[in-house]
Amino acid sequence: MVRSLPPVERALFDEGCQHFHARRFDLAEARFCAVLASSPTFAPAHGNLAEVLRATGRVPAAFEAYARALEADPDDALVRSNYGGALVEAGRPEEAIAELERALATDPAQDRARTNLGAALLALDRPGEAAAILEQAVARMPESWAAHSSLGAALVRLGRHAAALPILERAVALEPRAPEPRTTLAGCLAVAGRVDEALQQYREALELSPRLFEAWSPMLFTMHHGDGLPPEAHFDEAARFGRALERSLAAVTHAAWPNDRAPGRRLRVGFVSPDLRRHPVGFFLAPVLEALDREALETVAYSDGNTGDDVQQRIRAAVHLFRDTSGLSDAALDERIAADGIDVLVDLSGHTKGNRLGVFARRPAPVQVSWLGYPDTTGLSAIGWRITDAVADPPGRADELHTETLLRLPRCLVAWRRAPGVAPSPVPPSATTGALAFGCFNNLSKLSPRVAALWGRILLDVPGSSLLLKSRGFALPESRARVLGCLAAAGVSGERVAFLDQAPRPEDGLADYARVDIALDPFPYNGTTTTCEALSMGVPVVTLRGAAHAGRVGASILEALGERALIAESEGEYARVAAELGRDVTRLAALRASLPERFDR
């Protein structure tokens, strides 16, 4: 093993390092290769060459270079730390942890190993442990953007968005060219209701890395929030995403399938989601699976997560086969689905968190469908159908704004069953308190200043009324202040607004509907889960019918219930419907008594 270099080779090595830090990877590679030509056992050159190969996407070659570096010097903690980081990126966090712990045992001051160890723990969904070690890394390396970025991601995973925001902003400031902290920061900003800022961070991340699909999908989802964008803008962006993703996977896309085409054969239907648990998707899917004819269909669930909660247990019991796919790469899951002989594969995520559109782009099944998790087109030509209904997506323009063919159910696109053991309050709370309470339990990112201004108008039209708001985004004081400021501008004092804490379990949160007389649906992105929860608890929901699916789900659910009178066609009508209902105590009581039973039919 060579531990030092002659002056000429040292100069080449130093030049290589300078080129690498300036992202001139071709020049850096040439310098490191020149050093190794005369000093083939100089471990740092192998290690730095591995970093160049990793940065330029030549991962197998990078791993070979790491191996040569560690063979030359097994005690090089920096190389082993970088190797651990590469293993995390390659989806091998368990192996990474072993390497990183060895690096720290060799050199306890190797802070890059701490950062990479935190990232490995986060990849294994151990955010608490990750945050603890990453806090050490940030304290020891206050100028490390990677440590700040990973710590921010861990805090977001723990739901500590207020703490994560300044850390992620610091990561972006330390390294403006890195797309990863911008992507995480964007998600944190969206939770805080700062939608325009979130979209800007996503766009800048994509400018830095145009094929960063893990930023592109959440950007598409976030585009529906706040004041929203025209449906045409969503379609154009989704179609660009779909073309880019499918081009990137063209070499591994299935062109044919060996599935038996015999008429009358029982079809195998697969459902893919990270949310087959206590999550809106799980709540909507479980009753559908339980109602399917097990003799007519063979169902397989592909779940990115084995939570074992009661909703997941219901899904496990309802399907023929439940596969825990957490830890499987898109390529590995594609192979698994193809080997299972799935005839119809159902995407339940769209562009929401943890989606597997990279699997669907490979076409592992001959028929692929999107449903439930996302209120718009995926943009993928590989997904042939999207399940909806004629109210949420009326025939005509909606068909033109989808890459999928729309399959419209005859009544409503969702099914919902209230959690067992949760009883609706039999009378409106205003019957006891004498003061009407409006409420909205939707994500803060749906509550734009325009929505808040209209709600302020409603509160003024119903003297003595109050507004109850609940969203995890309201854990941030500045988020509460921003909404209160919008209402104050409309003439509503802060004393008329209350912020409710998030309940640890959904059924506990349902109890908060006992405090609400009328639920106000946000727009242009309606609630879906919250609308079903409210109605099933006897709380009428006033909605504004929008231009596209995201703004028409409320109308779809209410029309299925026969409550068209609660659907407004304009903002003025929305305010009038809400205020008139608030003053009609007889109708409020009747709805409170009848909605739960009607909803359960």
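**Helix packing and an open sheet**

The crossing of H7 and H9 is left-handed (the near helix is turned anticlockwise from the far one by less than a right angle). This is a predicted model, in which local features need pLDDT of at least 70, side-chain atom pairs count only at pLDDT 80 or more, and totals for chains, interfaces and linings use all residues. Residues are numbered from 1 along each chain as its sequence is written, and side-chain values use heavy atoms, without hydrogens and water.

Helix H7 spans residues 111-123 and helix H9 residues 145-157. Helices (H or I, at least four residues) and strands (E, at least two) are DSSP runs, numbered from the N terminus. The two helices pack at an angle of about 25°, with their axes 9 Å apart. H7 is therefore roughly parallel to H9 (an angle under 35 degrees). Axes are lines fitted to C-alpha atoms, for helices over the stretch in contact, and angles run from 0 to 180 degrees between N-to-C directions. H7 makes the contact through Thr-115, Ala-119 and Leu-122. H9 contributes Ala-146, Ala-147, Ser-150, Ala-153, Ala-154 and Arg-157. Contact means heavy atoms within 4.5 Å.

An open sheet has 6 strands, in the order E10-E9-E8-E11-E12-E13, with parallel pairing (at least two DSSP bridges between two strands). Strands E10 (497-499) and E13 (567-568) stand at the edges; each has a single partner strand, so one side of each lacks a neighbour in the sheet. E8 (residues 437-440) runs parallel to E9 (residues 466-469), joined by 4 bridges. Ala-437 stands opposite Ser-466 in E9. Helix H26 (residues 571-583) lies across E8, E11 (518-520), E12 (541-544) and E13. H26 runs at about 170° to E12.

Terms used:
Parallel < 35°, antiparallel > 145°, perpendicular 65-115°, else oblique.
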